[in-house]
Amino acid sequence: MSRCPTPVTISIASPDAEDGRRVLRAYFADLVSRYHRRPATDEEIDAALAEEPSDDLTLPRGLFLLAYREQEVIGCGGLRLLPADLGEVTRLFVVPGARGQGLGALLLDELEGAARARGLSRLRLDTRGDLVEARRLYARQGYTEVPPFSAGPYAEHWFAKALD
């Protein structure tokens, strides 16, 4: 894995802002395409966006990070702030042209830092079986598989991590 060739800036943003909407559309296009093993249609992407809204990724219920390289959005990650010092990582995504450069780990590190800053002691996440790269990333970052905690139609693997 090579490292990011040019500096990356990560900042809190609104999922409803133009850049947030654009990267979330790319995220769902990627997920739907992988799920169906063919390019997603606009209608399928619209349906996924409606079925899985990101409106809870703003304070006080959560936050949403965007990663930029030279003014271009190249990734995102969300954090839901749950009761009992628990957070849930969601919407972790790197655009295809920026993959393999450590950006997923960088975004995950930033989400963990944001969780610690808000007093959270544990993080969890779920993912699909076909997202092999994501599952490898989570394992490398210290997440361990746990029993199911959600019943979403696309949740097939569940992970958790205690924050130091």
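Start with the largest pocket, which holds about 1200 Å³ of space. The model you have open is a predicted one. To find the middle of this pocket, select Tyr27, Leu31, Leu92, Thr127 and Leu131, which of its 46 lining residues are the closest to its centre.

Next, colour the elements that give two or more residues to the lining: helix H1 (18–36), helix H2 (42–51), strand S4 (86–94), helix H3 (103–117), strand S5 (122–127) and helix H4 (132–140). Which element gives the largest share of the lining? Select H1, which supplies eight residues. If you colour the lining by class, you will find 23 nonpolar, 14 charged and nine polar residues.

Now move to the largest nonpolar core, a set of 43 residues. Select Leu79, Leu107, Leu123, Tyr138 and Tyr143, the members that touch the most other members. Two or more core residues come from each of H1, H2, strand S2 (62–69), strand S3 (72–82), S4, H3, S5 and H4. H3 has the largest share of this core, with seven residues.

Stay with Tyr143 and show what surrounds it. Leaving aside neighbours within four places in sequence, Tyr143 is in contact with Val89, Leu108, Glu112, Leu123, Leu125, Tyr138, Phe159, Ala160 and Lys161.

The next stop is His157, in strand S7 (residues 157–162). Is His157 buried or exposed? His157 counts as buried because its relative accessibility is 19%, and the cut-off for buried is under 20%. Show the side chains of His157 and Glu145 to see the polar contact of 3.2 Å that joins them. Not counting residues up to four places away in sequence, His157 also touches Leu125, Asp126, Thr127, Arg128, Gly129 and Arg135.

Then select Gln101, in the loop between S4 and H3. Gln101 is buried, with a relative accessible area of 13%.

Finish at Ala17, in the loop between strand S1 (9–13) and H1. With a relative accessible area of 34%, Ala17 is partly exposed, since that class lies between 20% and 50%. Ala17 and Asp109 are 23 Å apart in space and 92 residues apart in sequence.

Definitions and conventions. Residues are numbered from 1 along each chain as its sequence is written. This is a predicted model: local features need pLDDT of at least 70, side-chain atom pairs count only at pLDDT 80 or more; totals for chains, interfaces and linings use all residues. Side-chain values use heavy atoms; hydrogens and water are left out. On a 1 Å grid over the protein atoms alone, a cavity is a set of points where a 1.4 Å probe fits but cannot get out, and a pocket is an open set with protein on both sides within 12 Å along at least five of seven lines; lining residues have an atom within 4 Å of a point. Grid points are joined across faces, edges and corners, and a volume is the space filled by probe spheres set on the points. Helices (H or I, at least four residues) and strands (E, at least two) are DSSP runs, numbered from the N terminus. Ala, Val, Leu, Ile, Met, Phe, Trp, Tyr, Cys and Pro count as nonpolar, Asp, Glu, Lys and Arg as charged, and the others, Gly among them, as polar. A nonpolar core is a set of buried Ala, Val, Leu, Ile, Met, Phe, Trp, Tyr and Cys residues joined through side-chain atoms within 4.5 Å. Buried means under 20% relative accessible area, exposed over 50%, partly exposed in between (1.4 Å probe, protein chains only). Contact means heavy atoms within 4.5 Å. A polar contact is a pair of N or O atoms within 3.5 Å; within protein, one must be able to donate a hydrogen and the other to accept it, and residues adjacent in sequence count only if both atoms are side-chain atoms.
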